[in-house]
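I opened this entry to keep a record of what I looked up in one model, item by item. The coordinates come first, then my notes.

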Amino acid sequence: MTRPNASSDFDPQLAALLPSLEGYVPVRMTLEQLEHFRTLSRVTREDLLGDAKVRCVDHRIPGYQGTEITVSVIAREDHATPGPAVYFIHGGGMVMGTRFAGAKPLVDWALRHDAVCVTVEYRLAPEHPAPALVEDCYAGLEWMAANAALLRFDPNQLV
């Protein structure tokens with residue numbers, strides 16, 4: 001099926017914003033291009049942490065329908081006193097990225113504010129259709145909130 005014009009691919013209210021996104025995000029990504037963009041969006045633990053004085057501990061937790069997913073907990077090496085906490089869901093349109101993509105502020109917040117930061121490795125579409133992606137993200141948040149004492153943060157300061 002052919003479309004009469006490019007703007008019909010997008011909601012008319014959002015189509016006007018798309019030119020400003022060109023060069024920043026893959027506005028017209030196709031399934032054939034997905035792996036290329038996934039490669040560009042990969043960030044490793046080492047890329048994220050560098051030589052920062054933080055710990056990064058992985059936990060395997062149940063995601064949507066019990067499938068295991070990984071969350072990483074980032075905290076200062078000397079973290080001991082419960083305080084603020086941040087839950088992070090990486091960008092990537094739920095089709096690309098890793099739990100470390102875009103997470104550099106977590107390292108800064110852990111160091112500057114002694115925050116406990118958790119980032120979730122949710123499953124990606126199209127291999128895992130909705131609602132798995134969003135439910136994985138929610139499962140990570142529920143796990144974090146339920147483990148405030150273990151992770152040493154104040155549950156009233158969870159963002």
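The notes below go from the whole chain to single residues.

**Basis.** I am working with a predicted model, in which local features need pLDDT of at least 70 and side-chain atom pairs count only at pLDDT 80 or more, while totals for chains, interfaces and linings use all residues. Residues are numbered from 1 along each chain as its sequence is written, and side-chain values use heavy atoms, with hydrogens and water left out.

**Whole chain.** I find 7 helices and 4 strands in the protein chain, taking helices (H or I, at least four residues) and strands (E, at least two) as DSSP runs numbered from the N terminus. Their order from the N terminus is α-α-α-α-β-β-β-α-β-α-α. The C-alpha atoms fill a box of roughly 60 × 35 × 30 Å along the principal axes. Of the 159 residues, 38% count as buried, where buried means under 20% relative accessible area, exposed over 50%, and partly exposed in between, with a 1.4 Å probe and protein chains only. Among contacts (heavy atoms within 4.5 Å) with a separation of 6 or more, 65% join residues 24 or more positions apart.

**Annotation.** An unreviewed UniProt entry carries "domain: Alpha/beta hydrolase fold-3" over residues 86–158; its positions are given in the numbering used here, feature names are shortened, and annotations may be inferred rather than shown by experiment. In the model this span is 40% helix and 12% strand, and its end C-alpha atoms lie 6 Å apart.

**Helix H6.** I checked H6 (residues 132–146), whose 15 residues reach 21 Å from first C-alpha to last, close to the 21 Å expected at 1.5 Å a residue, that is, 1.5 Å times one less than the number of residues. Its buried residues are Ala132, Leu133, Asp136, Cys137, Ala139, Gly140, Trp143 and Met144. They lie on the same side of H6 because they cover an arc of only 155° around the axis, the arc being that of the directions from the helix axis to the C-beta atoms. Their cover includes strand S1 (54–62), strand S2 (68–76), S3, strand S4 (116–121) and helix H7 (148–151).

**Cores.** I then asked which residues have the most contacts inside the largest nonpolar core. That core, a set of buried Ala, Val, Leu, Ile, Met, Phe, Trp, Tyr and Cys residues joined through side-chain atoms within 4.5 Å, has 23 residues, and the answer is Val118, Val120, Trp143, Met144, Leu151 and Phe153. S2, S3, S4, H6 and H7 each supply at least two residues of this core. Apart from it lies another core of 14 residues, including Leu48 and Cys117.

**Cysteines.** Cysteine 56 counts as buried at 17% relative accessibility, and cysteine 117 is buried at 0%.

**Isoleucine 89.** I located isoleucine 89 in the loop between strand S3 (85–88) and helix H5 (104–113), where it is partly exposed because its relative accessible area is 41%. Not counting residues up to four places away in sequence, isoleucine 89 touches Val120, Tyr122 and Cys137. Its C-alpha atom is separated by 9.4 Å from that of phenylalanine 100, 11 residues apart along the chain.
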